[in-house]
Structure formats: C-alpha cells, structure tokens
Number of protein chains: 2
Amino acid sequence: MSGPVLVLGTGLLGASIGLGLSRLGVDVRLSDPSPTAQLVAQDIGAGRVLAPGDALEPQLVVVAAPPDVAAAVVADALRVYAGATVIDIASVKASILRSLQDDVAAGRLGAEQLRRYVGTHPMAGREKSGPAAARGELFTAMPWVVCAHETSDPAAVRVAGDVAIDLGATVVRLDAAEHDAAVALVSHFPQIASSLLASRLMNAPAHALALAGNGLRDTTRIAASDPKLWIQILSHNAPELVTILHGLREDLNRLIATLEAPDAEGAHLDLAELMSQGNAGQARIPGKHGAPPQAFAVVTVIVDDRPGQIAELLTAVGEAGINLEDLRMEHSSGHQVGLVEMSVLPGRSAELTEFLTQRKWKVIQ
Amino acid sequence: MSGPVLVLGTGLLGASIGLGLSRLGVDVRLSDPSPTAQLVAQDIGAGRVLAPGDALEPQLVVVAAPPDVAAAVVADALRVYAGATVIDIASVKASILRSLQDDVAAGRLGAEQLRRYVGTHPMAGREKSGPAAARGELFTAMPWVVCAHETSDPAAVRVAGDVAIDLGATVVRLDAAEHDAAVALVSHFPQIASSLLASRLMNAPAHALALAGNGLRDTTRIAASDPKLWIQILSHNAPELVTILHGLREDLNRLIATLEAPDAEGAHLDLAELMSQGNAGQARIPGKHGAPPQAFAVVTVIVDDRPGQIAELLTAVGEAGINLEDLRMEHSSGHQVGLVEMSVLPGRSAELTEFLTQRKWKVIQ
C-alpha cells in the first residue's frame with residue numbers, strides 16, 4: 001500500500017483504518033459530512049482532512065459510510081477518482097453491489113468504472129462508536145471479507161486484500177451473496193435473538209433480575225448494541241434474515257405447542273430434540289486458534305475480590321509455563337469472592353492443578 | 001446445622017452439598033438409586049453411604065433428585081423421617097409443591113407432615129454433571145432461593161436458610177409461583193433462546209462459521225447444556241414459559257413482517273423499537289456486586305499469545321493497586337495475539353492506562 005488513501009467517513013471504522021494505515025507511513029486523507037468528526041479523526045492521527053479543491057489522486061478510496069448511503073458514495077468516488085480502487089466496508093454487501101449495477105444499467109456509472117469497485121467487510125467493532133473510539137489495532141487478528149464481483153479488476157481485488165493484510169486482518173474471500181448469508185446467520189441473527197430476548201426483561205420484577213446469572217448476561221450482552229447502525233444492517237440484509245427467522249418461527253411454534261401440553265405423548269422427545277439440536281449447532285462454532293470448542297480443559301480457582309489476587313494467580317500460571325487459552329471470571333451480585341476459570345490445553349490441566357494446589361490456591365476439582 | 005443431614009441423590013448438586021457440609025464437620029449420610037454414584041460421592045468426601053436398616057434420625061433431609069421424581073422422594077422422606085426438615089433443590093418449585101398438596105388432599109401425606117417441607121433452589125451449577133464434578137464451594141456467593149409455603153413450619157424455613165448460609169450462598173425468599181416466574185424469565189427462557197439460536201447453526205456452511213465472533217459465542221454458550229436435565233426443567237415450568245414464548249412469538253411475527261417489507265413506511269421505526277427495547281431490557285440486568293451494568297470502565301491491552309503474558313499484565317495491574325472487576329479475552333481463530341479487556345472502576349481507568357503505557361504495554365485508547 002503506497003497511497004495516498006482517501007477515507008470517506010470517519011466514524012469508528014473509517015478512523016481506525018486511517019489510524020492503522022497512517023502508522024504504517026501511508027499518506028491518508030480524511031473526509032466526513034461532519035466537520036467535527038473529520039477533525040477529531042485528524043487529531044487522533046488518522047490522517048489529514050482533505051482540503052477543498054485538493055487535486056488528490058488516491059491509489060485507494062475507502063468508503064466507510066453507513067450502509068444506506070455507501071452505494072451512492074462508492075459510485076461518486078468511482079466517477080471522481082479515475083485511477084483509484086474503491087472499496088466499502090459496510091456489513092452488508094449484496095444490496096450495495098446491486099445498487100451499483102443498477103447505476104451501470106441506467107447509464108449513471110460506466111461498466112469500466114465498476115471494475116475498480118470491491119466490496120469488503122472487516123469483522124471488527126467495539127461497543128463505542130465515533131472517531132474518538134478508533135484504534136489502529138481494531139482489525140488485528142480479525143477476519144476481513146473481500147467480495148470480488150463478476151467484473152472486478154483483479155488488481156483492485158489485490159489492493160483490497162492488501163489493505164486488510166496491512167491492518168493485521170485475515171482475508172476471507174466470499175461473493176456478496178455468500179457473505180450476506182453468512183453474516184445473517186453468525187452476526188445479524190444472534191443480534192436479533194439477543195435483542196428479542198433482552199426486550200422481554202423490560203418489565204421484569206427486580207427480584208427476578210436479582211437471580212440473573214452468567215447465562216442471561218452472556219445471551220443478552222450484544223442486546224446493548226447501537227440501534228442506529230443495526231437498523232440499517234438488518235433492513236439491508238432483510239431477505240437473508242427472513243429465511244432464517246421463518247425457520248426460527250417454525251421451531252418456536254412447535255416448542256410452544258409442546259409446552260402447552262407438556263404431558264402429551266412425544267412432548268419430552270420434542271424438548272430433547274430442541275436441546276440436542278442446540279448442542280449440535282453450538283459444537284460447530286470454531287474456538288480460539290481454530291480449535292474445536294470444548295477442546296480446552298478448564299481449571300477453576302476461588303479468589304478473593306481484592307487488588308492483585310488474579311495477578312498473583314496468573315503469575316503462578318506463568319511460572320508453571322502454561323499458556324492460558326481463555327479466562328473467565330464468575331461472580332454474582334453482592335459478593336467479594338469469585339471464581340476464575342482458566343482454559344488450558346487438556347494435557348496441561350492436571351499439571352496446572354497440582355502446581356497451583358501446592359502453592360495453596362483453592363483449585364476446585 | 002448440627003446434623004445429621006441425609007442427602008438423597010448424589011449428582012453434582014447433592015454431592016456438592018454433602019461435600020460442603022462435611023467440611024464444616026456436619027455428619028452427612030448419602031443415598032442414591034445408583035450404587036456407583038453414592039460410592040463416588042462417599043469417596044470424594046461428601047459423607048457416608050446410608051447403610052440399609054440404619055436407624056438415622058436426620059435433622060435435615062436434602063432431596064437432590066431430578067425434578068420429575070423430587071415430589072415423590074420428598075413425600076417419602078416426610079413420612080419416613082418424622083422429625084426432619086425436608087428440602088428439595090430442584091430448579092422448579094410450584095409443580096413439586098402442588099404434587100405434595102395433592103398427596104395431602106388424597107390422604108397419602110399428612111397436613112402436619114407437609115409443614116416440615118420447604119422448597120429451595122440454589123442458583124448454581126457447572127457444565128459437568130455427576131458426583132465426580134462436585135465441589136463444596138459450588139454455592140459460594142450464589143443466590144439460594146428459599147420458598148416457604150402457606151403451611152411451612154417457621155423452624156423448617158429457618159433450617160432451610162441455615163444450610164444455604166452455611167454453604168456460603170445468599171438466601172433469597174420468594175414463594176413458589178414467584179420463583180418459577182422469575183427463573184422462567186432469567187434462566188429457562190435464555191436457555192430456550194440460546195438453544196433455538198444454536199440449532200440454526202446445525203447445517204451452516206463452514207465458511208459462515210469461520211466468521212463467528214464473540215457475539216455468536218456468547219449467545220450460544222449455554223446451548224451446550226445437558227438435555228436430560230433441561231427437558232425436565234422446561235416441562236415442569238411449562239405454563240410460565242408458554243406465557244413468555246407467546247410474547248416472543250408476537251415480537252417475532254412483527255419483526256418478520258417488517259423485514260418482509262423493509263422499505264415500507266414505519267419499517268425502520270419497528271426495527272428501532274426492537275433494538276431500543278433490547279437496550280432497555282439489557283440495561284436492567286444487575287452487574288457484579290449489584291452494580292448497574294456498564295458502570296465499569298474498560299481498559300484494553302494487546303498481548304502476545306504466549307505463557308506468562310497475561311500474568312505479567314495482571315501483575316502490573318496489581319502493582320498499580322487497582323482491582324479488576326472483570327476480565328475478558330478477545331480472540332478469533334487462527335491468531336497468536338489477542339486483546340485483554342479489563343473492567344475497573346471508572347475513576348481508576350486513566351490511572352491504569354497511564355501506568356500500563358509507561359511500562360510499555362500496548363494499551364488501546
């Protein structure tokens with residue numbers, strides 16, 4: 001990536017891309033409909049604000065605009081910057097490509113111009129939004145989907161992949177339809193399920209919420225996501241989601257019928273099917289480092305809830321020379337002790353347990 | 001708790017209760033339909049197997065049998081052990097109480113005998129089952145619901161509360177109906193939602209699953225739960241669940257209609273409502289130490305994925321004298337670096353960031 005790179009849209013993702021590329025020495029220019037947003041992005045080091053009348057000839061234009069305006073901004077960029085590869089980074093891909101193809105069909109965009117467009121989707125984000133929350137490392141170790149279309153110029157596809165790799169991401173190649181179906185299932189559908197679940201808590205009595213455990217916390221965490229962005233994502237990927245939600249509705253109807261007559265013949269079998277299909281689906285999600293889920297052994301330790309306790313514990317783990325694959329703290333409201341669950345390679349768990357027990361840690365077996 | 005205590009059923013929870021009480025010096029006797037299970041429980045120190053013909057006069061009988069046989073075992077214990085308080089620990093309470101009241105109405109159980117029964121529910125568990133997975137600390141810092149009924153003897157209610165407190169739990173008093181409605185919402189419904197969600201992944205293409213992030217992992221984690229136990233829980237709490245699921249079905253039908261015509265007037269408003277109601281429900285779940293959710297500041301650090309890295313980091317946090325309220329590791333498949341997100345009191349985050357940055361940790365701001 002030699003640059004210059006023009007980033008159109010300096011929200012969280014646009015500013016993070018600018019920041020990451022600037023740190024690599026790329027000449028990054030920024031533009032955003034909000035003068036404040038582009039200045040904040042410049043202030044944090046994401047690049048320089050594009051001056052009016054600046055005769056820039058970017059190698060790459062990154063369209064980091066919201067999904068509902070992304071296609072229009074891409075089309076504009078393809079027309080204005082004749083030599084540039086233009087990518088967008090919206091969470092939906094087919095509707096944007098379709099809109100650009102419509103522009104070509106209607107003569108608003110040249111077929112040759114469309115060749116320089118490549119849709120992409122970095123699978124990264126955080127709970128905060130806006131340029132002030134940007135981080136150059138946002139894409140580190142995350143998948144970045146690159147969706148070449150039928151007429152994409154191979155050189156443009158290469159540039160799109162390069163920017164992802166430069167920012168530390170892993171390139172995944174899918175076409176737009178495959179991408180939209182995949183994220184509908186692994187990202188948009190879980191968002192809907194979590195929001196539907198959490199919305200049932202709006203009028204829950206306080207004594208019920210006081211019994212909440214990690215199960216409820218985990219299943220509803222993403223229900224805290226930003227509505228503004230998600231409205232656009234969900235509406236742009238509506239057809240894929242409708243297919244999945246029809247399947248959910250069928251399952252839900254069957255489950256309600258079963259629970260309305262829980263003593264009827266076959267009711268227990270129906271419930272067994274729900275649970276075991278859930279088991280089977282969950283087991284297919286890849287774990288860290290591509291390992292199958294539950295491939296790690298869990299060693300659990302009771303700790304006091306005071307400064308340094310967990311550090312002392314993990315220092316001991318480090319002394320044992322054992323790598324933590326994952327770590328989880330369990331606690332419930334109103335308590336000053338907690339459980340630390342450490343995932344390690346199965347072959348190391350007995351060794352770790354012995355090591356910690358000898359050092360007087362309360363290891364639960 | 002002076003004892004002796006008789007534990008009927010030596011699965012994970014029964015054996016854990018036996019283990020915890022035995023460590024406190026209580027004389028615990030064990031009985032289980034499975035000779036192996038009761039021997040394993042004895043071997044791990046949960047108590048002594050009840051000898052046939054042993055004329056035990058327990059102060060307390062803990063019925064730790066599965067929900068579908070709990071009522072029968074409680075009734076039996078009330079008849080056999082004339083002086084004992086009898087509690088059960090099943091995850092559903094109204095159906096068991098109703099069954100015992102039916103026994104009284106039919107003359108199979110004395111009204112006086114029922115006075116010694118108190119339904120309880122320790123909100124604890126783990127991903128493994130069986131006596132070998134038992135731990136005496138399982139109930140530490142967890143809520144333990146005690147459900148007195150209309151005719152409960154106050155002395156029996158006291159004994160039930162004492163055992164919970166002895167095992168380190170926090171006693172929550174609710175009646176059986178309140179309990180069942182509460183756990184339907186905060187425990188059983190999330191289980192159903194997670195299982196329904198995960199079951200959609202059964203036939204997902206591998207390239208879609210490879211894009212899975214923490215959102216999908218969190219929402220589907222409990223879908224890995226044991227079907228056998230959950231079939232009983234769900235069927236015993238069916239009426240409460242049906243009410244909640246009807247609400248879900250209404251929301252789902254509205255959402256499907258909206259997504260089938262995503263460009264219709266009002267569609268965006270409908271999606272905004274789904275998302276913001278999810279926000280509102282999620283925000284009501286109490287956090288650690290009863291703190292409101294998101295009351296903590298998050299400091300994020302990039303670490304290499306090798307032994308001792310996280311220990312070194314947390315040693316630094318300990319040196320700063322700052323208490324970790326929560327810790328989360330973020331990673332995706334195929335990578336050797338990760339992000340560690342540490343939750344601390346908001347007043348300490350700037351201090352921690354400065355402290356770590358000075359020590360050359362890569363803190364993301």
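Four salt bridges are counted between chain A and chain B of this predicted model, a salt bridge being a side-chain nitrogen of Lys or Arg within 4 Å of a carboxyl oxygen of Asp or Glu. One of them joins Asp218(B) to Arg221(A), with the closest N and O atoms 2.6 Å apart. On the side of chain A that touches chain B, 67 residues are nonpolar, 42 polar and 21 charged. In this division Ala, Val, Leu, Ile, Met, Phe, Trp, Tyr, Cys and Pro count as nonpolar, Asp, Glu, Lys and Arg as charged, and the others, Gly among them, as polar.

The model is predicted: local features need pLDDT of at least 70, side-chain atom pairs count only at pLDDT 80 or more, and totals for chains, interfaces and linings use all residues. Residues are numbered from 1 along each chain as its sequence is written, chains are lettered from A in the order in which they are written, and side-chain values use heavy atoms, with hydrogens and water left out.

The interface involves 130 residues of chain A in contact with 131 residues of chain B, where contact means heavy atoms within 4.5 Å. Together the two chains bury about 11,700 Å², of which 68% is on carbon and sulfur atoms; buried area is the accessible area (1.4 Å probe) that two parts lose on being put together, summed over both. Arg200(A), Leu211(A) and Met275(A) supply 7% of the area that chain A buries against chain B, more than any other three residues.

Chain A itself is divided into domain 1 (5-174), domain 2 (181-283) and domain 3 (297-364), with bounds from an automatic or database domain assignment. The centres of domain 1 and domain 3 of chain A, taken over C-alpha atoms, are separated by 43 Å.

Most residues other than glycine have a negative phi.

| Residue | Phi | Loop between |
|---|---|---|
| Ala141(B) | about 70° | strand S6 (117-122) and strand S7 (143-147) of chain B |

Helices (H or I, at least four residues) and strands (E, at least two) are DSSP runs, numbered from the N terminus. Lys360(A) counts as exposed because its relative accessibility is 72%, whereas Ala141(B) is buried, with a relative accessible area of 4%. Buried means under 20% relative accessible area, exposed over 50%, and partly exposed in between (1.4 Å probe, protein chains only).

Glu265(A) lies in the loop between helix H11 (238-260) and helix H12 (267-283) of chain A. Glu265(A) is exposed, at 85% relative accessibility.
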